[in-house]
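Subject: Structure handover and findings

Hello,

Here is the structure for your files. My notes on it come after the model.

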Amino acid sequence: MEMIPSVSLKGCEENGMPVIGMGTSAYPPADLETTKAAILEAIKAGYRHFDTAFAYGSEKPLGEAIAEALRLRLIESRDELFITTKLWASFAHPTQIVSACKMSLQNLQLEYVDMYLIHWPVRLTEMIRKTPVDVDLIRPLDVEGVWQSMEECKTLGLTKSIGVSNFSCKKIDQILQIAKFPPALNQVEMNPLWQQKQLRDFCKEKGVHVTAYSPLGANNTKWGDNRVVENDVLANIAKAKGKTTAQVALRWAYEQGVSIVTKSFNKERMKQNLEIFDWSLSADDLEKISKLPQRKGVTLASVMGPHELVSELDAEV
């Protein structure tokens with residue numbers, strides 16, 4: 001079993017957050033039993049950080065997998081795990097956030113999560129069943145009011161720490177102006193073909209940790225593609241090192257000082273994704289990767305539709 005390093009975060013200083021987490025967002029969505037079985041395999045492989053969200057529909061199978069892992073003594077205590085979930089945009093109103101967090105905890109069968117994130121910097125006025133979203137349902141986020149309610153979740157002990165996802169430098173700065181508890185992290189798309197250097201530098205300066213999602217380009221999803229896993233530069237580095245292209249991409253992210261959420265329900269790839277800590281990339285490798293052409297993969301417009309407010313938010317990130 002691989003030993004995974006941890007990073008210390010505001011609110012989670014005691015145990016820290018393992019730098020690799022298993023993502024549970026599947027496309028097309030997996031059924032409950034498939035997701036639960038994959039999470040149990042991940043725990044056996046050594047994963048202790050799991051990333052979910054109300055919008056993924058994976059909170060319940062994750063909760064069941066945790067309960068089963070405790071029954072099977074795969075873990076001795078829930079405290080061995082680091083669980084992240086996210087506030088969906090339909091609940092991103094100051095009066096709904098505490099109850100939304102409690103609903104997620106009920107789904108997860110947990111008393112607290114380790115990290116609660118605002119999923120997107122936008123509000124929807126009702127629940128949605130399909131995308132794109134009608135423009136009349138989209139509202140700007142009340143950053144101050146929403147963040148104060150996120151802080152209340154922390155004060156109430158529903159979550160140890162709070163943060164954001166898909167937030168620009170501008171939006172994070174808005175929070176920092178008014179925050180009693182600043183965001184511990186910002187989870188964003190990041191990989192060798194979307195390196196996010198400006199955002200990473202800003203977050204580092206402000207003490208906000210960065211977690212990379214889609215570190216392998218979200219291949220085989222409707223929002224991702226194969227441009228990372230089939231990149232020739234990465235493949236050549238991998239071949240020279242006796243590694244997989246995916247391992248090179250994950251190692252690159254780790255060497256940038258970020259944590260990583262990577263999703264695979266394949267038992268072998270789950271293990272491979274953890275095997276990135278006992279080797280490193282050379283200065284020459286890093287130089288080659290730094291010159292790769294950059295293109296954003298995940299946009300809010302691809303989820304919500306190309307509405308004016310949505311396009312403005314995409315332009316910020």
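The notes below cover the barrel, the helices packed on it, the cysteines and the salt bridges.

This is a predicted model, in which local features need pLDDT of at least 70 and side-chain atom pairs count only at pLDDT 80 or more, while totals for chains, interfaces and linings use all residues. Residues are numbered from 1 along each chain as its sequence is written, and side-chain values use heavy atoms, with hydrogens and water left out.

Barrel

Eight strands form a closed barrel with parallel pairing, in the order E3-E4-E5-E6-E9-E10-E11-E12. Helices (H or I, at least four residues) and strands (E, at least two) are DSSP runs numbered from the N terminus, and two strands pair if DSSP finds at least two bridges between them. From one strand to the next the twist averages 30 degrees. Axes here are lines fitted to C-alpha atoms, for helices over the stretch in contact, and angles run from 0 to 180 degrees between N-to-C directions. Strand E3 (residues 20-23) pairs with strand E12 (residues 259-262) in the parallel sense, over 3 bridges. Met 22 has Thr 262 of E12 as its bridge partner.

Helices

Helix H4 (residues 143-155) lies across strands E5 (82-87), E6 (113-118) and E9 (159-165), and runs at about 155 degrees to E9. The axes of H4 and H5 come within 10 Å and cross at roughly 65 degrees. On the H4 side the contact (heavy atoms within 4.5 Å) is made by Val 143, Glu 144 and Trp 147, and on the H5 side by Lys 171, Gln 174, Ile 175 and Ile 178. The crossing of H4 and H5 is right-handed, meaning that the near helix is turned clockwise from the far one by less than a right angle.

Cysteines

How many disulfides does a search of the whole structure find? The count is 0, a disulfide being a pair of cysteine sulfur atoms within 2.5 Å. For Cys 101 the nearest cysteine sulfur is that of Cys 153, 4.2 Å away. Cys 101 has a relative accessible area of 1% and is buried (under 20% relative accessible area; exposed is over 50%, partly exposed in between, with a 1.4 Å probe and protein chains only). Cys 203 is in no disulfide either, with the sulfur of Cys 169 the nearest at 6.3 Å. Cys 203 also counts as buried, at 1% relative accessibility.

Salt bridges

The structure holds 16 salt bridges, each a side-chain nitrogen of Lys or Arg within 4 Å of a carboxyl oxygen of Asp or Glu.

- Lys 267 and Glu 41 form one, with the closest N and O atoms 3.9 Å apart. This pair links distant parts of the chain, 226 residues apart: Lys 267 is in helix H9 (residues 267-274) and Glu 41 in helix H1 (residues 32-45). Lys 267 is partly exposed at 46% relative accessibility, as is Glu 41 at 25%.
- Glu 316 and Lys 170 form another, at 3.8 Å between the closest N and O atoms. Glu 316 lies in helix H12 (residues 308-316) and Lys 170 in helix H5 (residues 169-178), 146 residues apart. Glu 316 is partly exposed at 26%, whereas Lys 170 is exposed at 53%.
- Lys 291 and Glu 287 meet at 3.2 Å, N to O. Lys 291 is exposed at 63% and Glu 287 partly exposed at 40%.

Salt bridges that share partners also join Glu 41, Lys 44 and Lys 267 into one network.

Regards
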